[in-house]
Amino acid sequence: MIRGGERFGSFGLATPPARHAIPADHAVALLKSGAAKPGSLLGYGNGRSYGDTCQNQAGSVVDMRPLNRVRAFNAGTGVLEADAGVLLRDIISHAAPYGFFPAVVPGTQFVTLGGAIANDIHGKNHHRRGTFGCHVESLTLLRSDGNTCRCSDTDNARLFRATIGGMGLTGLILSASIRLMRVPSLDVVETVTPFGDLGQFFELAEAADQANEYAVAWIDQLAGGHGRGRGLLFAGNHAEHGSHTASRANARLSVPLQPPFNVLNRPFLTAFNAAYRWKKGRSPAPRQVGYQGFFFPLDGVGDWNRLYGPKGLFQHQCVVPEEAALLEAARRAGQGSFLTVLKRFGKVRSPALLSFPRPGYTLTLDFPNRGERTLELLSELDRITVEAGGAVNPYKDARMGAETFAASFPDWRRLEALRDPAFMSDFWARTAKKLDERRGMAEAAE
């Protein structure tokens with residue numbers, strides 16, 4: 001049952017929230033007793049996935065947030081052990097006074113440790129540090145056979161690699177040990193470089209990666225004519241002299257109610273993009289900024305996803321050799337993206353069996369849910385991605401077809417072979433399980 005009226009949804013708000021949620025201790029008892037039924041469970045972190053990888057309509061989601069202790073921290077090595085439900089925000093706060101910071105952070109600090117592992121998240125420094133999974137020392141996994149496994153590179157290694165990036169399907173992650181990164185301070189020296197088109201960005205990107213710990217680009221996706229493909233390249237390194245105290249993560253602003261329509265319409269986005277480009281790109285001089293603003297700018301607005309209206313939003317993130325065709329397709333469809341982010345992935349390999357990042361360029365686009373019109377655009381973006389030999393990100397997705405998933409992750413059957421039978425997600429049911437069903441039907445027909 002869903003307790004206290006709390007909704008266990010996904011951040012995109014375009015998929016129905018979970019119908020049933022149970023506390024972690026209840027799920028642990030079911031698993032240890034061997035009483036968990038097939039497909040009945042799925043670990044739920046803090047609901048920051050955009051689609052249905054964190055949903056299980058046919059069963060229950062397991063609220064992991066009460067399991068939120070930092071168990072141990074070695075101030076000499078930066079190795080931290082914590083429960084799976086602890087937020088990255090709290091890991092940052094715990095380690096900051098000792099001169100450490102997570103080696104990889106996404107665009108929000110409100111994700112759980114277990115969720116970061118299950119999705120093998122990436123950040124602005126993939127070219128140097130790879131994915132979050134590259135920094136996981138070990139994890140504790142509870143399976144439906146009642147066994148609690150310690151998994152690492154040397155212990156239960158196959159299960160370790162399947163759990164990282166395994167979208168919560170190999171069992172319930174109870175805790176993990178991760179290696180943090182030593183930093184001179186939390187603050188970041190940021191440099192913002194305007195570019196006129198994507199050609200200029202590609203010329204700047206490699207040099208920016210070589211010179212900086214962090215690099216990412218913002219694209220003015222609505223700009224046409226001579227401004228087509230223009231944007232800003234943000235690069236940064238931790239400041240030698242700055243704060244070692246984590247600031248409070250409370251949102252400065254919030255969206256208290258769900259508006260009855262999409263506030264982020266095209267006229268608003270056009271004006272916002274122009275103002276943002278002017279404000280951020282007016283000075284080429286490096287400046288020292290707080291880590292909250294550099295890594296987590298949208299965390300400053302609570303429930304900002306509500307601005308997309310009652311139908312929510314779809315996010316499309318892909319990795320391909322080049323992005324121009326994707327941007328052009330979105331432009332032709334007449335749909336503006338509030339957040340358009342372009343990043344160059346490096347060659348650091350993840351230990352994960354299935355991991356989204358791979359060498360190339362990753363593009364992230366946000367679209368308000370306008371029904372069939374938006375779904376057609378997203379399918380076109382899928383087609384362009386697959387034809388380019390790229391991949392679509394599962395934990396940002398709410399609607400990709402089974403064929404797109406299979407083309408993006410050809411090794412998906414290896415994860416299915418290690419999936420715990422008690423765990424299932426709506427995403428896996430509509431992609432991998434459909435592929436299995438079709439394969440079975442084809443074999444039967446032969």
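Predicted model: local features only at pLDDT ≥ 70, side-chain atom pairs only at ≥ 80, totals over all residues.
Biologist: How far apart are the closest N and O atoms of Asp397 and Arg430?

Modeller: Asp397 sits in the loop between strand E19 (391-392) and helix H11 (402-408), while Arg430 belongs to helix H13 (residues 426-430), and the pair links distant parts of the chain, 33 residues apart. Asp397 is buried, and so is Arg430. Their closest N and O atoms lie at a separation of 2.7 Å.

Biologist: With which residue does Lys343 form a salt bridge, and are the two residues of that pair buried or exposed?

Modeller: The partner of Lys343 is Asp209, with the closest N and O atoms 3.8 Å apart. Lys343 lies in strand E17 (residues 340-345) and Asp209 in helix H6, so the pair ties together parts that are 134 residues apart in sequence. As for burial, both Lys343 and Asp209 are buried.

Biologist: In the salt bridge of Glu213 with Arg128, what is the relative accessible area of Arg128?

Modeller: The closest N and O atoms of Glu213 and Arg128 are 3.7 Å apart. Glu213 lies in the loop between helix H6 (198-211) and E11, and Arg128 in helix H4 (residues 126-129), so the pair ties together parts that are 85 residues apart in sequence. Glu213 is buried, having a relative accessible area of 6%, whereas Arg128 is partly exposed, with a value of 36%.

Biologist: Which strands are included in what covers the buried residues of H7?

Modeller: In H7, Leu269, Asn273 and Gly281 are buried. Because they cover an arc of only 55° around the axis, they are on the same side of H7, and the face turned away from that buried side carries the exposed residues Pro267, Trp278 and Lys279. The cover over the buried residues includes strand E10 (188-195), strand E11 (214-219) and strand E12 (231-238).

Biologist: Which residues does Pro38 touch, not counting those up to four places away in sequence?

Modeller: Pro38 is placed in the loop between helix H1 (24-33) and strand E2 (41-44). Its relative accessibility is 72%, and because exposed means over 50%, Pro38 counts as exposed. The residues that Pro38 touches are Pro421 and Ala422.

Biologist: What is the radius of gyration of the protein chain?

Modeller: The secondary structure of the protein chain comes to 14 helices and 19 strands. The globule rule gives 22 Å for 446 residues, and the value for this chain is close to that, so the chain is as compact as a globular protein of that length; its radius of gyration is 21 Å.

Key:
Residues numbered from 1 in each chain as written. Heavy atoms only, no water. Helix = DSSP H or I, 4+ residues; strand = E, 2+ residues; numbered from the N terminus. Buried < 20%, exposed > 50% of the residue type's maximum accessible area, 1.4 Å probe, protein only. Contact = heavy atoms within 4.5 Å. Arc of directions from axis to C-beta. Rg over C-alpha atoms; globule rule 2.2 N^0.38 Å. Salt bridge = Lys/Arg side-chain N within 4 Å of Asp/Glu carboxyl O.
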